[in-house]
Amino acid sequence: MKVDVLLGLQWGDEGKGKVVDVLTPGYDVIARFQGGPNAGHTLEFEGQKYVLRSIPSGIFQGDKLNIIGNGVVLDPALFKAEAEALEASGHSLKERLHISKKAHLILPTHRLLDAAYEAAKGDAKVGTTGKGIGPTYTDKVSRNGIRVGDILHGFERKYAVAKARHEQILKSLNYEYDLTEQEKAWMEGVEYLKQFSLVDSEHEINNFLREEKSVLCEGAQGTMLDIDFGSYPFVTSSNTVCAGACTGLGVAPNRIGEVYGIFKAYCTRVGAGPFPTELFDETGDKMCTLGHEFGSVTGRKRRCGWIDLVALKYSVMVNGVTKLIMMKSDVLDTFQTIKACVAYRLNGEEIDYFPYDIEENLEPVYAELPGWMTDMTKMKSEDEFPEEFNAYLTFLEEQLGVEIKIVSVGPDREQTIERYTE
């Protein structure tokens, strides 16, 4: 048995939560492999809207096991708030959610360090969400981190050492703070964590595979925010690409099956960093308004622009994408002309590959296609797609070399159309 991987191909916010929820009925286990509570996966069904930050999106399917893998960083206080809110809405968790002992903990002082480092950068800010993600991954790779399993083994001593070390750094940065309330909530979160099954998830997942159980690996953020392959330094602190599922769950590369790549019919980005196809005009504002482009966790307005096929081809390549899923098609329903970036113009030369640095003087080269000017939100099958929309899909498939298997025409679970079903 192999694991399938589902991940974002752009700068995050592609709609991964909804797709995981739609695909979940076909799997026994859903496992989150990287990222932290800076990433929010939004799901809408039965008239309710849910935002998941750390808990896998398969939690709404009652008979599925969900796993938070070792590649994730977890804030006990935020996790407790998220889990209790879900349980209050009628979704029981404790028997269906397992947490890797090797996942690293976000400490209260990590959040303070995040804010202090960002403040010290002045105009060079990278647009962190302030959730402590970067400092936690920094401690992980410098071998100073605290893991979930540590709450069962000499925790008080380990926490005291880490806290003292962080406070020394904060002092050197002249950063003033009061930790009292944060630390109280965090410690309550630690006690809450102990009520869950804390597991060696790499053994658990590989045992499931031996038992012929199907596993879907869920990524957070997007490929263009990957620490190695994204628009560095305006990236997240983990590997968001398919390879991250191997290191974030303990799955061997030869156990990877289908790789589902999710993208929007246009592009968005939150925070600072280069964005070649960004629009600063009424068209960009229209995309933002129609797409409700505000961060599900941060509330920050997303920058909007036309789809970037140069970056998308790069994402397809580094992830080994086997099936594409296009989200928010309906947002473009009222645009007379649809543009797609097919190349970049850099220093007078046209290139069709993603370069080392997306410089400010890089210009997108666009192809133009007629819009479909049709409300697609009520459509139930691909037979109803307008001719112009089918032409757009065909154009994208020819450019990217991969089939678009699923098309989303609205935020609800039901507004999802599968293609190539025969």
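This is a predicted model: local features need pLDDT of at least 70, side-chain atom pairs count only at pLDDT 80 or more; totals for chains, interfaces and linings use all residues.
In total, the structure holds 24 salt bridges. One of them joins the side chains of lysine 264 and glutamate 293, with N and O 3.0 Å apart. This pair ties together distant parts of the chain, 29 residues apart: lysine 264 belongs to strand S11 (residues 256–264), while glutamate 293 sits in the loop between helix H9 (282–290) and strand S13 (303–305). As for burial, lysine 264 comes out at 0% relative accessibility and so counts as buried. Glutamate 293 is buried too, again at 0%. Both residues also turn up in a network of salt bridges, where they are linked with Asp13, Arg302 and Lys328.

Aspartate 285 lies in H9 itself and lysine 301 in the loop between H9 and S13, so the bridge links distant parts of the chain, 16 residues apart. With a relative accessible area of 41%, aspartate 285 is partly exposed, because that value falls between the 20% and 50% cut-offs.

Lysine 339 and glutamate 368 meet through their side chains in a salt bridge of 3.9 Å, N to O. Lysine 339 is in strand S16 (residues 337–346) and glutamate 368 in strand S18 (residues 363–370), distant parts of the chain 29 residues apart. Lysine 339 counts as partly exposed at 27% relative accessibility, whereas glutamate 368, at 56%, is exposed.

Conventions
Residues are numbered from 1 along each chain as its sequence is written. Side-chain values use heavy atoms; hydrogens and water are left out. A salt bridge is a side-chain nitrogen of Lys or Arg within 4 Å of a carboxyl oxygen of Asp or Glu. Helices (H or I, at least four residues) and strands (E, at least two) are DSSP runs, numbered from the N terminus. Buried means under 20% relative accessible area, exposed over 50%, partly exposed in between (1.4 Å probe, protein chains only).
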